[in-house]
Amino acid sequence: MKAYPVITAHGISDTDCNSPTHVSLKNLQGWLQDCNRNQVHFETLESVVSNKNKIAACLTFDDALSSILKCVEYLPSPGTIFVVTDYVGKLNRWNGQPSWVTEELCLSWTQIKELNLEGWCIGAHSCSHPDFDKCRAKQIRNEIETSKKTIEDQIGQKCSHFAYPYGIAPRIAQEIVEEYGMGGYGTEPGWVGPRDPLNCLPRIDIYDLVRSGMASDWAWSEPDQMDLKIMKYKRWVGSGLRNIRRIAS
Ligand SMILES: [Zn+2]
């Protein structure tokens, strides 16, 4: 198996500013053109296979927000959505959602089924989007098992992929994902390589790809260990600053 990048996005915005949760349609289109120039082609998590000539990348959308419908016609191939099953067709205001995150509707089951018919892969992202570090094992099991089963009942296909809410993947959650034979996706930066554990796979955030800088070419150029260390350090500093601001406010 060749290494490949799995890219995380959330919503699509009309305005030209990118936030950690929303990328503008214009910037997404520009980035897709860069990918095309660099011979990246796109696959779903179900269909990703080693390709001798081109780099296969997977574009995944966490939370299954309705704004992703703005970009569907511009994507070169279907993507993957991770559905929060209790919030299908509802606003994305689950407990623990930071107040600065843009409020919007999640896709309905009708819309999810239409995407699936067009070749999109439907993965699970829990029932209620909890922080697994604050959950007991029983609740974690229920969140993983019920969201998987709900999707399978709705679309009539096996649900084989799980994205950990907030990217938080304690060992017990990883064990349950493995027990159900699913691929598990976090938010640690990096390409998926042959030695990565299937229940805790790295991804690259589109927020880091559409800005100029260290990660902007990671869709076609695999980051080295030093790149990944620098990215982890930057994220650690960023989360520390956010906590300080929260305490101060
Ligand atoms: Zn999420």
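This is a predicted model: local features need pLDDT of at least 70, side-chain atom pairs count only at pLDDT 80 or more; totals for chains, interfaces and linings use all residues.
Local features rest on pLDDT of at least 70 and side-chain atom pairs on pLDDT 80 or more, while totals for chains, interfaces and linings use all residues. Residues are numbered from 1 along each chain as its sequence is written.

Select residues 137-155, helix H3, together with residues 171-179, helix H4. Helices are DSSP runs of H or I with at least four residues, strands are E runs of at least two, and both are numbered from the N terminus. The axes of H3 and H4 lie 10 Å apart, at an angle of about 40 degrees. Axes are lines fitted to C-alpha atoms over the stretch in contact, and angles run from 0 to 180 degrees between N-to-C directions.

Next, display Ala137, Ile140, Arg141 and Ile144 of H3 with Ile172, Ala173, Ile176 and Val177 of H4, which make the contact (C-beta atoms, placed from the backbone, within 7 Å).

Now select Ala173, Ile176 and Val177, the buried residues of H4 (20 or more other C-beta atoms within 10 Å of the residue's own, with C-beta atoms placed from the backbone). Viewed down the H4 axis, these residues fall within an arc of 100 degrees, so they line one face of the helix; the arc is that of the directions from the axis to the C-beta atoms. Their cover includes H3, strand E8 (161-163) and strand E9 (183-185).

Turn to the face of H4 directed away from the buried side, where Arg171 and Glu179 are exposed (12 or fewer such atoms). Finally, select glycine 181, which follows H4 and has a positive phi near 70 degrees.

Key. Two residues are in contact if their C-beta atoms, placed from the backbone, lie within 7 Å.
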